[in-house]
Amino acid sequence: MKNLMFKSARALAVVAGLAVAGPALAAGEGPHVEKQPWSFAGPFGQFDKAQLQRGFQVYQEVCSACHGLSYVAFRNLAEEGGPGFSVDEVKALAAEYSIEDGPDSEGEMFERDGKPFDKFPSPFPNEQAARASNNGAYPPDLSLMAKARAALRGFPWFVLDVATQYQENGPDYLYGLLTGYHEAPEGVEVPEGQYYNPGFISGSTLAMAPPLSDELVEYSDGSPMTVDQYARDVSAFLMWTAEPHLESRKRIGFGVMAFLILFASLLYFTKRKIWRDVDH
Amino acid sequence: MAGHSTYEPQNAGAKWLERRLPVLSLVHGSFVAFPTPKNLNYWWTFGGIAFFVLVVQLITGIVLVMHYTPNDALAFASVEHIMRDVNYGWLMRYLHSNGASMFFFAVYIHIFRGMYYGSYKEPREIAWILGVLLFFLMVLTAFMGYVLPWGQMSLWGATVITNLFSAVPVVGEAITTWLWGGFAVGNPTLNRFFSLHYLLPFVILGVVMLHIWAFHVAGNNNPVGVDPKSDKDTVPFHPYYTLKDLFAIVVFMILFSWFVFYLPNYLGHADNYIPANPMVTPAHIVPEWFLLPFYAILRAITFDIGPIPSKLGGVIAMGGAIAILFVLPWLDTSKVRSANYRPVYRFFFWLFFFTTIMLGWLGSKPAEQPYIAWIQFFTVLYFAHFLIVLPVLGLIETPRKVPDSINDAVLGKSSDAA
């Protein structure tokens, strides 16, 4: 009886597993996102400073026309674990921006040059103004974008991701989106003011026109000036803006892990010694 | 609890205190000299692990509150301030957000251990009931905590769950408005959730003390399920179990750190990094993983049952899934505690375990076929375990011979002790 029950339980488990997982795998909820190699992946991952600088350049020259970066301050660009600009470079950069401040002692608002402690000013004063300038669409703030989008992984990947420490689905998605613009295939209706992009998370068309094109941004370090490279660089940059302490998190994590494993082994032998004379 | 103490205060200060408030002998009797079955396996360490995580949650939570702002216009930005500008704020927040998952993970193992070894049976019913109460308080606390960052999933999770109360006949709408403090989830809702999220952990701490008190009256259950008969069956809690628990806690910290330092957002939802927006509904609204089995049961009732509309039916089913745990000690008719000696129960225990896992996974899926049919199938299995299997099994199952004592079982005198 017992044997039969275990067999039937196993059969039930397999049938249920297949029946439920099958359609989930087939349905393909959200876009298929290709994994990309990132310098900041894995337990020892660190940002590539040159890449972050290039990514910032792409943001500044292209994305910032419509997208804000409102949780990031200029000073962050010179902080440890970031793109590694010097303090003077950041001061000069901030001064290029005009910031509304005040009220002054007369009660008037006034414009002044940006300082390192200022946050990046947003391109539009409010959502309504942004929509008015963008055909009704609202370009979202990019500060957290690399953590705010994730295509569904599905079984069994979401289980395996725990072991492989896969946390780069955000930048993978962004790269896929930025390089995903294509001619719409035969039979796909693309509404006026929309662009076909199968990499988009909610639908196959979106209101953002293809933002990148080859040779659009002039790199000074000899990196290829292609859509592919721009997309990689700006996705990496946005991972940093979303997770500015990633480097120290992983560095501290390694120390913590090493200590805990050593401490656990010592405790294990201490426990063994204490229990030596007890049958248990 | 102090009954087991052999504590003799040595220095004058301890003697002075002991005559007035015998707290030292209480602690000594409960956590030093306390006679503990010597055969507890590592599944028994998860109570201590859960307590450790509770302390981590309290400490990190109190620090986070020093920088968090409970206001619908400021909450999201204040969390980003913690993540970016507060020294080690990212560490505090990731410890706290992942700590909630770790707490549930430890407590789920603790509950399943209690079910497998029959720890809820006479005379430990009160300890069990207090444990279920703790679990219920944890669910409330975790749900309200997830609302505080005021991201999209915070707002919409709160909207979906508080809307459930509108299913109550006649007064449902009034209750929902009262819970919200307005006519939608908004700033008053956020503020009261914050207040309760700070209060409930201390209630949990108090109930934990009662929980420990209750099982210390009867003493720990153990894998054999036979009460200790002599000193040969037990060891003092210290140093034997202090060391074993500490070792287990440190191993658990390795798992905890794996998530905090390398996968800090794996257990959360990307949507919660989008500021709350009442005008935009996320494509999929799902709770955190540890609430998914109950969320699945909520969605199992897709049909009206007589006068009960499907929505109310779902709420009743979800509430019933937790409520039924309270009466578990009286649903199980078997006198044998440990599943080691109940082969048929053991099969059904693992079937039940599998059922909860499947419900959890199905709870994360959109409310469409074939998921709904599978949710209904496993919901029936869930309730059948309590209402049919456990009452009937105790009457018809022939348990294997239970050893006479823990020591006999350990020394292998029983025919086939585990």
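Select chain A and follow it along the sequence: the pattern reads α-α-α-β-β-α-α-α-α-β-β-α-α. Chain A thus shows nine helices and four strands, where helices (H or I, at least four residues) and strands (E, at least two) are DSSP runs numbered from the N terminus. The model is predicted, so local features need pLDDT of at least 70 and side-chain atom pairs count only at pLDDT 80 or more, while totals for chains, interfaces and linings use all residues. Residues are numbered from 1 along each chain as its sequence is written, chains are lettered from A and ligands numbered from 1 in the order in which they are written, and side-chain values use heavy atoms, with hydrogens and water left out.

Colour chain A by burial next. Of its 280 residues, 41% count as buried; buried means under 20% relative accessible area, exposed over 50%, and partly exposed in between (1.4 Å probe, protein chains only).

Now select A:R54. Which residue forms a salt bridge with A:R54 at 2.7 Å? The partner is A:D233, a salt bridge being a side-chain nitrogen of Lys or Arg within 4 Å of a carboxyl oxygen of Asp or Glu. Because A:R54 lies in helix 2 and A:D233 in helix 8 of chain A, the pair ties together parts that are 179 residues apart in sequence. A:R54 counts as buried at 9% relative accessibility, and A:D233 is buried at 0%.

A:D221 sits in the loop between strand 4 (205-206) and helix 8 (227-242), 167 residues from A:R54. At 42% relative accessibility, A:D221 counts as partly exposed.

Move to helix 4 (residues 127-133) of chain A, where A:R131 and A:E127 are four residues apart and therefore separated by about one helical turn. These two form a salt bridge, with the closest N and O atoms 2.9 Å apart. A:R131 is partly exposed at 34%, and A:E127 is partly exposed at 29%.

Return to helix 2 (residues 49-61) and select A:E61, which is partly exposed at 46% relative accessibility.

Finally, select chain B. It has 16 helices and two strands, and 56% of its 418 residues count as buried. The C-alpha trace spans about 65 × 60 × 40 Å along its principal axes. Within chain B, select B:K121, B:D332, B:R342 and B:E397, which are linked in a network of salt bridges. Over all chains, the count comes to 18 salt bridges.
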